[in-house]
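User: I'd like to learn how to read a fold from its elements. Can you walk me through this one?

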Amino acid sequence: MSERTYQPRGLYFEEFTVDQVLVTAARTITESDIVRFAGLSGDFNQIHTDAEFAAAGTFGQRVAHGLLVQSIASGLAVQSGFIEGTVLAFRELTCKFSLPVLIGDTIHVELEILSKKALPRLGGGQIEMKYGVFNQQGKAVQRGTWTMLLMSNGSDAANDGGAE
């Protein structure tokens, strides 16, 4: 029997270019998402979990946890394929929560590559991305930066040590 080898479908460090824009598929946020995230995180804040309490608040209904939206956004990036199997580490993030995400809102992520730095001793390079999470009306609900370490494809480009 022949031995199988795993072939990641994601892009390698060398395949990303500065100013490249990537867009994910969309996903609708459900009540179940919020309930499961509250159970997982222990964050049962009433604005997320109590319909009566939230109805009397600023947004008039329950809102998704900001970190739930952040988690789904990173999942959408992986599911889109461009970092699937090639990301070595999610190293850093900055985030501003701009608008609430409500039950039934549909979000997607737009990413722009800001910089690249080869890190051959780690087997790849660092990519800094500007990201935005947008709702179904095209309004930004979150913005910030993600910094990830991605695998090298083994080419000499990873050994140049410079940013693109």
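User: In what order do the elements run from the N terminus on?

Analyst: The chain runs β-β-α-α-α-α-β-β-β-β, with four helices and six strands. Helices (H or I, at least four residues) and strands (E, at least two) are DSSP runs, numbered from the N terminus. This is a predicted model, where local features need pLDDT of at least 70, side-chain atom pairs count only at pLDDT 80 or more, and totals for chains, interfaces and linings use all residues. Residues are numbered from 1 along each chain as its sequence is written, and side-chain values use heavy atoms, with hydrogens and water left out.

User: How do I read helix packing?

Analyst: Two packed helices are described by the angle between their axes and the distance between the axes. Here, helix 1 (residues 31–41) packs on helix 4 (residues 66–79) at about 105 degrees, with the axes 10 Å apart. Axes are lines fitted to C-alpha atoms, for helices over the stretch in contact, and angles run from 0 to 180 degrees between N-to-C directions. Helix 1 and helix 4 are therefore roughly perpendicular (that label covers 65 to 115 degrees).

User: Which residues of helix 1 and helix 4 meet?

Analyst: Asp-33, Ile-34 and Phe-37 from helix 1 touch Leu-67, Leu-68, Ser-71 and Ile-72 from helix 4; contact means heavy atoms within 4.5 Å. By class, that's five nonpolar, one polar and one charged residues. Ala, Val, Leu, Ile, Met, Phe, Trp, Tyr, Cys and Pro count as nonpolar, Asp, Glu, Lys and Arg as charged, and the others, Gly among them, as polar.

User: And strand pairing: how many bridges join strand 4 to strand 5?

Analyst: Two strands pair if DSSP finds at least two bridges between them. Strand 4 (residues 106–119) and strand 5 are antiparallel, joined by 11 bridges, and Ile-113 sits opposite Met-129 in strand 5. They form a hairpin with four residues between them, where Gly-123 in the turn has a positive phi of about 85 degrees.

User: What happens on the way to strand 6?

Analyst: Strand 5 also runs antiparallel to strand 6 (residues 140–151), again with 11 bridges. Tyr-131 has Gly-144 in strand 6 as its bridge partner. This hairpin has five residues between the strands, and Gly-138 takes a positive phi near 80 degrees.

User: Is strand 5 mostly covered or open?

Analyst: Mostly covered: in strand 5 (residues 124–134), eight of its 11 residues are buried, meaning under 20% relative accessible area (1.4 Å probe, protein chains only). Across the 164 residues of the chain, 39% count as buried.

Key
Buried < 20%, exposed > 50% of the residue type's maximum accessible area, 1.4 Å probe, protein only. Parallel < 35°, antiparallel > 145°, perpendicular 65-115°, else oblique.
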